[in-house]
Amino acid sequence: LWKKVNYPPADPRREKLPERCNRQWFCKTFMDKEDVDERDDVSLWSQIKKFNMYDPLAVLSCVPAFREELFRGTSKMVNGTTHTLIGVSKDDASIVQVEALHAKLTTLLEHSLRRSLLDFS
């Protein structure tokens, strides 16, 4: 991702990365700062402060019990079928309680990791 955000917007190596996802976006999103320290003795990973886990969040929102407890989606009718949209904008993430969602996701991920490690013993 770091390589892709540093390519010019029209560069095919960016693949499907939106133009708004540039170097400044990366630094602000994952490092909580305006730009990266590029000294040779400072790794990029050491500057990462957070990362977004979109896939586990999407999976969790697909489980009806979790969706009802943790999310409040926006309903839209498309061709006679009602769809529930979650996270329709930056200002409307559709999350009922961020702390409860974080705790649930952390617990499930820790449990999954423990279970997967059992298979190695």
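Start by selecting Thr 29 and Trp 25. A polar atom in the side chain of Thr 29 sits 2.7 Å from the backbone oxygen of Trp 25. Keep in mind as you look around that this is a predicted model.

Setting aside neighbours within four places in sequence, you'll find Thr 29 in contact with Lys 50 and Asn 52.

Now widen the selection to helix H2, residues 23-31. The buried residues here are Arg 23, Phe 26, Cys 27, Thr 29, Phe 30 and Met 31. What do they pack against? Show H1 as well: the buried residues of H2 pack against that helix.

Next, have a look at the two ends of H2. At the start, pick Asn 22 and Gln 24: a side-chain oxygen of Asn 22 comes to within 3.2 Å of the backbone nitrogen of Gln 24. Past the other end, click on Asp 32, which follows H2 and has a positive phi, near 55°.

Time for some charged pairs. How many salt bridges are there to find? The count comes to 5, and we'll visit some of them.

Since you're already at H2, select Arg 23 and Asp 35. They form a salt bridge, with their closest N and O atoms 2.8 Å apart. This pair links distant parts of the chain: Arg 23 is in helix H2, while Asp 35 is in the loop between H2 and helix H3 (54-62), 12 residues apart. Check the surface around them too: Arg 23 counts as buried at 16% relative accessibility, whereas Asp 35 is partly exposed at 40%.

Then hop over to Lys 4 and Glu 15. Their side chains meet in a salt bridge, 2.7 Å from N to O. Lys 4 lies in helix H1 (residues 2-6) and Glu 15 in the loop between H1 and H2, so the pair ties together parts 11 residues apart in sequence. Lys 4 is partly exposed, with a relative accessible area of 26%, but Glu 15 is exposed, with 59%.

One more pair: select Asp 11 and Arg 13. This is another salt bridge, and the closest N and O atoms are 2.7 Å apart. Asp 11 counts as buried, at 14% relative accessibility, and Arg 13 as partly exposed, at 48%.

Finally, zoom out and colour by secondary structure. The chain has 5 helices and 2 strands, and from the N terminus on you can follow them in the order α-α-α-α-β-β-α. Its C-alpha atoms fill a box of roughly 50 × 50 × 25 Å along the principal axes. The radius of gyration is 18 Å, while a compact globule of 121 residues would have one near 14 Å.

Methods: Residues are numbered from 1 along each chain as its sequence is written. This is a predicted model: local features need pLDDT of at least 70, side-chain atom pairs count only at pLDDT 80 or more; totals for chains, interfaces and linings use all residues. Side-chain values use heavy atoms; hydrogens and water are left out. A salt bridge is a side-chain nitrogen of Lys or Arg within 4 Å of a carboxyl oxygen of Asp or Glu. Helices (H or I, at least four residues) and strands (E, at least two) are DSSP runs, numbered from the N terminus. Buried means under 20% relative accessible area, exposed over 50%, partly exposed in between (1.4 Å probe, protein chains only). A polar contact is a pair of N or O atoms within 3.5 Å; within protein, one must be able to donate a hydrogen and the other to accept it, and residues adjacent in sequence count only if both atoms are side-chain atoms. Contact means heavy atoms within 4.5 Å. The radius of gyration is taken over C-alpha atoms; the globule rule is 2.2 Å times the number of residues to the power 0.38.
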